[in-house]
Amino acid sequence: MKTDSPSTGTDTGQSFFYPHQMFFECVTALAVLAALVVLSFVWQAPLEEMADPGDVTYVPRPEWYFLFYFQLLKYFEGPLVVVGTCVLPALVFALLILLPFLDKSEETDVRKRPVTAAICLAALFSVVGLTVVSIVEDERHGYRMVLPPIAEEQIPEGQDLFKRFCQSCHGMDGKGGFFAPDLTQIGSRANRAYIERVILQPQIVSQTTIMSLIPLSDTERHAVSAYLSRKK
Ligand code: HEC
(Lines give C-alpha, C1' and ligand atoms only; values in the text may rest on other atoms or scores of the structure.)
Protein backbone atom coordinates (compact mmCIF):
# COMPACT_ATOMS: atom_id res chain seq x y z
CA MET A 1 0.00 0.00 0.00
CA LYS A 2 2.63 2.51 -1.02
CA THR A 3 2.55 5.55 -3.27
CA ASP A 4 5.30 7.91 -4.16
CA SER A 5 3.90 10.90 -2.35
CA PRO A 6 2.59 9.92 1.04
CA SER A 7 0.90 13.29 1.59
CA THR A 8 -1.41 13.10 -1.43
CA GLY A 9 -1.51 9.41 -1.90
CA THR A 10 -5.22 9.33 -2.62
CA ASP A 11 -5.22 9.74 -6.41
CA THR A 12 -4.28 6.11 -6.95
CA GLY A 13 -6.85 4.97 -4.46
CA GLN A 14 -4.09 3.97 -2.06
CA SER A 15 -2.73 5.85 0.90
CA PHE A 16 -0.56 5.43 3.92
CA PHE A 17 -2.05 4.49 7.22
CA TYR A 18 -0.22 7.45 8.70
CA PRO A 19 -1.36 10.19 8.48
CA HIS A 20 -4.46 9.67 6.26
CA GLN A 21 -6.26 6.76 7.87
CA MET A 22 -5.06 7.82 11.30
CA PHE A 23 -6.57 11.27 10.80
CA PHE A 24 -10.00 9.86 9.96
CA GLU A 25 -9.88 7.48 12.88
CA CYS A 26 -8.99 10.28 15.29
CA VAL A 27 -11.86 12.41 13.99
CA THR A 28 -14.27 9.49 14.39
CA ALA A 29 -12.99 8.74 17.89
CA LEU A 30 -13.42 12.38 18.92
CA ALA A 31 -16.93 12.50 17.47
CA VAL A 32 -17.91 9.34 19.39
CA LEU A 33 -16.40 10.78 22.58
CA ALA A 34 -18.27 14.07 22.12
CA ALA A 35 -21.53 12.17 21.55
CA LEU A 36 -20.95 10.15 24.74
CA VAL A 37 -20.23 13.29 26.76
CA VAL A 38 -23.45 14.90 25.53
CA LEU A 39 -25.46 11.71 26.17
CA SER A 40 -24.10 11.34 29.69
CA PHE A 41 -25.26 14.88 30.48
CA VAL A 42 -28.69 14.43 28.92
CA TRP A 43 -29.36 10.92 30.28
CA GLN A 44 -27.95 10.60 33.78
CA ALA A 45 -26.39 7.15 34.19
CA PRO A 46 -28.54 4.98 36.48
CA LEU A 47 -26.87 4.40 39.84
CA GLU A 48 -27.63 1.76 42.42
CA GLU A 49 -28.42 2.62 46.01
CA MET A 50 -25.68 4.08 48.20
CA ALA A 51 -23.16 1.43 49.24
CA ASP A 52 -23.93 0.08 52.70
CA PRO A 53 -20.96 -1.65 54.39
CA GLY A 54 -23.34 -3.35 56.84
CA ASP A 55 -25.33 -5.04 54.09
CA VAL A 56 -24.36 -8.70 53.77
CA THR A 57 -27.10 -9.39 51.24
CA TYR A 58 -25.70 -7.38 48.35
CA VAL A 59 -24.26 -9.38 45.46
CA PRO A 60 -21.81 -7.28 43.45
CA ARG A 61 -21.71 -8.18 39.78
CA PRO A 62 -20.09 -6.45 36.82
CA GLU A 63 -22.09 -5.41 33.78
CA TRP A 64 -23.06 -8.22 31.41
CA TYR A 65 -20.24 -7.49 28.99
CA PHE A 66 -17.65 -8.17 31.69
CA LEU A 67 -19.28 -11.30 33.08
CA PHE A 68 -16.99 -13.58 31.03
CA TYR A 69 -13.94 -12.05 32.65
CA PHE A 70 -15.55 -12.16 36.09
CA GLN A 71 -16.27 -15.86 35.53
CA LEU A 72 -12.69 -16.51 34.41
CA LEU A 73 -11.36 -15.01 37.64
CA LYS A 74 -13.32 -17.59 39.63
CA TYR A 75 -11.03 -20.34 38.34
CA PHE A 76 -7.91 -18.79 39.85
CA GLU A 77 -7.53 -18.81 43.59
CA GLY A 78 -4.84 -17.88 46.09
CA PRO A 79 -1.43 -17.14 44.58
CA LEU A 80 -2.78 -18.05 41.13
CA VAL A 81 -5.02 -14.97 41.10
CA VAL A 82 -2.34 -12.98 39.25
CA VAL A 83 -2.69 -15.39 36.33
CA GLY A 84 -6.29 -14.31 35.85
CA THR A 85 -5.85 -10.65 36.69
CA CYS A 86 -2.52 -9.86 34.99
CA VAL A 87 -0.89 -12.68 33.04
CA LEU A 88 -3.83 -13.69 30.83
CA PRO A 89 -4.97 -10.14 29.97
CA ALA A 90 -1.34 -9.19 29.21
CA LEU A 91 -1.00 -12.20 26.89
CA VAL A 92 -4.24 -11.32 25.09
CA PHE A 93 -3.21 -7.70 24.55
CA ALA A 94 0.30 -8.75 23.51
CA LEU A 95 -1.29 -11.08 20.96
CA LEU A 96 -3.47 -8.25 19.64
CA ILE A 97 -0.43 -5.99 19.25
CA LEU A 98 1.62 -8.73 17.60
CA LEU A 99 -1.17 -9.95 15.31
CA PRO A 100 -0.31 -7.70 12.32
CA PHE A 101 3.30 -8.90 12.53
CA LEU A 102 2.48 -12.56 13.02
CA ASP A 103 -0.06 -12.79 10.22
CA LYS A 104 0.81 -10.61 7.25
CA SER A 105 -1.51 -12.31 4.81
CA GLU A 106 -3.52 -9.95 2.60
CA GLU A 107 -6.12 -12.62 2.01
CA THR A 108 -9.59 -11.39 3.00
CA ASP A 109 -11.45 -14.68 2.51
CA VAL A 110 -11.88 -16.15 5.98
CA ARG A 111 -11.89 -19.73 4.64
CA LYS A 112 -8.38 -19.25 3.31
CA ARG A 113 -7.02 -18.22 6.69
CA PRO A 114 -7.99 -21.20 8.84
CA VAL A 115 -5.51 -20.60 11.67
CA THR A 116 -6.49 -16.97 12.28
CA ALA A 117 -10.16 -17.83 11.87
CA ALA A 118 -9.84 -20.72 14.35
CA ILE A 119 -8.17 -18.48 16.95
CA CYS A 120 -10.84 -15.81 16.58
CA LEU A 121 -13.66 -18.35 16.78
CA ALA A 122 -12.09 -19.95 19.86
CA ALA A 123 -11.87 -16.53 21.54
CA LEU A 124 -15.46 -15.74 20.61
CA PHE A 125 -16.76 -19.08 21.90
CA SER A 126 -14.80 -18.69 25.15
CA VAL A 127 -16.27 -15.26 25.80
CA VAL A 128 -19.84 -16.35 25.01
CA GLY A 129 -19.40 -19.62 26.91
CA LEU A 130 -18.01 -17.98 30.07
CA THR A 131 -20.84 -15.41 30.00
CA VAL A 132 -23.44 -18.17 29.82
CA VAL A 133 -21.75 -20.19 32.61
CA SER A 134 -21.67 -17.08 34.81
CA ILE A 135 -25.37 -16.41 34.30
CA VAL A 136 -26.33 -20.06 34.86
CA GLU A 137 -24.25 -20.28 38.07
CA ASP A 138 -25.77 -17.10 39.47
CA GLU A 139 -29.21 -18.40 38.58
CA ARG A 140 -28.55 -21.66 40.43
CA HIS A 141 -27.26 -19.89 43.54
CA GLY A 142 -30.21 -17.54 43.63
CA TYR A 143 -28.21 -14.42 42.76
CA ARG A 144 -30.59 -13.41 39.97
CA MET A 145 -33.71 -14.30 41.85
CA VAL A 146 -36.87 -12.27 41.35
CA LEU A 147 -39.04 -13.15 44.33
CA PRO A 148 -42.83 -13.26 44.02
CA PRO A 149 -44.60 -10.98 46.53
CA ILE A 150 -45.43 -12.58 49.87
CA ALA A 151 -48.87 -14.19 50.09
CA GLU A 152 -50.28 -14.36 53.63
CA GLU A 153 -50.89 -18.13 53.51
CA GLN A 154 -47.15 -18.60 53.00
CA ILE A 155 -46.41 -17.45 56.54
CA PRO A 156 -47.95 -20.40 58.48
CA GLU A 157 -46.67 -22.80 55.81
CA GLY A 158 -43.17 -21.35 56.21
CA GLN A 159 -43.40 -21.62 59.99
CA ASP A 160 -44.36 -25.29 59.66
CA LEU A 161 -41.47 -26.03 57.33
CA PHE A 162 -39.08 -24.14 59.59
CA LYS A 163 -40.10 -26.30 62.56
CA ARG A 164 -39.57 -29.46 60.53
CA PHE A 165 -36.34 -28.69 58.72
CA CYS A 166 -34.52 -25.90 60.53
CA GLN A 167 -35.45 -25.67 64.19
CA SER A 168 -33.35 -28.65 65.25
CA CYS A 169 -30.35 -26.37 64.75
CA HIS A 170 -31.71 -22.82 64.81
CA GLY A 171 -33.30 -21.20 67.84
CA MET A 172 -36.62 -19.41 67.31
CA ASP A 173 -38.72 -17.54 69.88
CA GLY A 174 -36.95 -19.27 72.76
CA LYS A 175 -37.29 -22.79 71.31
CA GLY A 176 -35.14 -24.92 69.07
CA GLY A 177 -31.52 -25.92 68.79
CA PHE A 178 -28.30 -24.26 69.88
CA PHE A 179 -26.09 -25.42 67.02
CA ALA A 180 -26.82 -22.41 64.86
CA PRO A 181 -27.57 -18.68 65.11
CA ASP A 182 -30.91 -17.78 66.67
CA LEU A 183 -33.18 -16.60 63.87
CA THR A 184 -35.82 -14.91 66.02
CA GLN A 185 -34.91 -11.49 64.57
CA ILE A 186 -33.41 -12.58 61.27
CA GLY A 187 -35.85 -10.35 59.36
CA SER A 188 -34.29 -7.21 60.78
CA ARG A 189 -30.77 -8.07 59.64
CA ALA A 190 -31.38 -9.95 56.38
CA ASN A 191 -33.77 -9.72 53.46
CA ARG A 192 -35.61 -12.53 51.71
CA ALA A 193 -33.10 -12.84 48.88
CA TYR A 194 -30.30 -13.46 51.38
CA ILE A 195 -32.30 -16.07 53.30
CA GLU A 196 -33.11 -17.85 50.03
CA ARG A 197 -29.46 -17.85 49.04
CA VAL A 198 -28.39 -19.32 52.38
CA ILE A 199 -30.91 -22.14 51.93
CA LEU A 200 -29.70 -22.76 48.36
CA GLN A 201 -26.02 -22.57 49.25
CA PRO A 202 -25.27 -22.57 53.01
CA GLN A 203 -21.54 -22.15 52.32
CA ILE A 204 -22.04 -18.45 51.62
CA VAL A 205 -22.36 -17.96 55.39
CA SER A 206 -19.20 -19.89 56.14
CA GLN A 207 -17.13 -22.29 54.06
CA THR A 208 -17.14 -24.91 56.80
CA THR A 209 -20.73 -24.58 57.95
CA ILE A 210 -22.54 -27.62 59.32
CA MET A 211 -25.75 -26.34 57.75
CA SER A 212 -26.63 -28.87 55.11
CA LEU A 213 -28.42 -28.43 51.83
CA ILE A 214 -32.08 -28.93 52.67
CA PRO A 215 -34.07 -30.24 49.71
CA LEU A 216 -36.97 -27.79 49.67
CA SER A 217 -39.01 -27.10 46.54
CA ASP A 218 -39.07 -23.54 45.20
CA THR A 219 -42.50 -22.91 46.75
CA GLU A 220 -41.40 -24.31 50.10
CA ARG A 221 -38.24 -22.19 50.06
CA HIS A 222 -40.25 -19.07 49.24
CA ALA A 223 -42.59 -19.86 52.16
CA VAL A 224 -39.71 -20.27 54.62
CA SER A 225 -38.02 -17.05 53.47
CA ALA A 226 -41.34 -15.17 53.63
CA TYR A 227 -41.89 -16.40 57.19
CA LEU A 228 -38.34 -15.59 58.32
CA SER A 229 -38.27 -12.14 56.70
CA ARG A 230 -41.27 -11.21 58.89
CA LYS A 231 -39.40 -12.16 62.08
CA LYS A 232 -38.24 -8.76 63.21
C1 HEC B 1 -27.54 -28.90 60.76
C2 HEC B 1 -27.92 -27.67 61.39
C3 HEC B 1 -28.68 -26.64 60.57
C4 HEC B 1 -29.88 -26.81 59.91
C5 HEC B 1 -30.77 -28.05 59.86
C6 HEC B 1 -30.20 -25.54 59.32
N7 HEC B 1 -29.18 -24.63 59.57
FE8 HEC B 1 -29.15 -22.67 58.99
N9 HEC B 1 -27.31 -22.46 59.81
C10 HEC B 1 -26.67 -23.43 60.53
C11 HEC B 1 -25.42 -22.87 61.02
C12 HEC B 1 -24.40 -23.60 61.88
C13 HEC B 1 -25.38 -21.54 60.56
C14 HEC B 1 -24.29 -20.50 60.79
C15 HEC B 1 -23.28 -20.57 59.72
C16 HEC B 1 -21.99 -21.07 60.24
O17 HEC B 1 -21.25 -20.26 60.78
O18 HEC B 1 -21.73 -22.26 60.10
C19 HEC B 1 -26.58 -21.31 59.80
C20 HEC B 1 -26.89 -20.12 59.19
C21 HEC B 1 -28.13 -19.83 58.67
C22 HEC B 1 -28.54 -18.52 58.22
C23 HEC B 1 -27.71 -17.26 58.22
C24 HEC B 1 -27.85 -16.58 59.55
C25 HEC B 1 -27.17 -15.25 59.59
O26 HEC B 1 -27.18 -14.67 60.67
O27 HEC B 1 -26.64 -14.78 58.58
C28 HEC B 1 -29.82 -18.64 57.79
C29 HEC B 1 -30.70 -17.53 57.21
C30 HEC B 1 -30.21 -20.01 57.95
N31 HEC B 1 -29.15 -20.71 58.49
C32 HEC B 1 -31.43 -20.52 57.61
C33 HEC B 1 -31.78 -21.84 57.73
C34 HEC B 1 -33.05 -22.38 57.29
C35 HEC B 1 -34.16 -21.56 56.65
C36 HEC B 1 -33.03 -23.72 57.54
C37 HEC B 1 -34.10 -24.73 57.23
C38 HEC B 1 -34.56 -24.78 55.87
C39 HEC B 1 -31.74 -24.02 58.17
N40 HEC B 1 -31.00 -22.86 58.26
C41 HEC B 1 -31.35 -25.28 58.61
C42 HEC B 1 -27.09 -24.73 60.80
C43 HEC B 1 -28.26 -25.28 60.33
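Helix 5 (residues 154-165) packs against helix 8 (residues 218-229), their axes lying 7 Å apart and meeting at an angle of about 100 degrees. Axes here are lines fitted to C-alpha atoms, for helices over the stretch in contact, and angles run from 0 to 180 degrees between N-to-C directions. That angle makes helix 5 roughly perpendicular to helix 8 (under 35 degrees counts as roughly parallel, over 145 as roughly antiparallel, 65 to 115 as roughly perpendicular and the rest as oblique). On the helix 5 side, the contact is made by Q154, I155, E157, G158, Q159, L161 and F162; helix 8 brings E220, H222, A223, V224, A226 and Y227. Two residues are in contact if their C-beta atoms, placed from the backbone, lie within 7 Å. Sorted by class, this contact has seven nonpolar, four polar and two charged residues (Ala, Val, Leu, Ile, Met, Phe, Trp, Tyr, Cys and Pro count as nonpolar, Asp, Glu, Lys and Arg as charged, and the others, Gly among them, as polar).

A word on the model itself. It is predicted, so to speak of local features takes a pLDDT of at least 70, side-chain atom pairs count only at pLDDT 80 or more, and totals for chains, interfaces and linings use all residues. Numbering starts from 1 along each chain as its sequence is written.

Stepping back, the protein chain has eight helices and two strands, in the order α-α-α-α-α-β-β-α-α-α. Helices (H or I, at least four residues) and strands (E, at least two) are DSSP runs, numbered from the N terminus. The C-alpha trace spans about 90 × 45 × 30 Å along its principal axes. The radius of gyration of the protein chain is 28 Å, whereas a compact globule of 232 residues would have one near 17 Å (taken over C-alpha atoms, with a globule rule of 2.2 Å times the number of residues to the power 0.38). Among contacts between residues at least 6 apart in sequence, 57% join residues at least 24 apart.

Next comes the ligand. It is surrounded by 21 residues, the closest being C166, C169, A180, T209 and M211 (near means a C-beta atom, placed from the backbone, within 6 Å). This shell divides into 16 nonpolar, five polar and no charged residues. Helix 7 (residues 192-200) gives the most to the shell, with three residues. Helix 7 is also mostly covered, with seven of its nine residues buried: R192, Y194, I195, E196, R197, V198 and I199. Those buried residues pack against helix 6 (186-189) and helix 8.

Y18 and P19 are joined by a cis peptide bond, with omega about 10 degrees, and P19 lies in helix 1 (residues 17-42). D173 sits in the loop between strand 1 (171-172) and strand 2 (175-176). Phi of D173 is near 50 degrees, a positive value in a residue other than glycine. D173 is exposed, with 10 other C-beta atoms within 10 Å. I119, in helix 4 (residues 114-140), counts as partly exposed, with 14 C-beta neighbours inside 10 Å. From I119 to S188 the gap is 69 residues in sequence and 52 Å in space, C-alpha to C-alpha.

Terms used
Buried ≥ 20, exposed ≤ 12 C-beta atoms within 10 Å, placed from the backbone.
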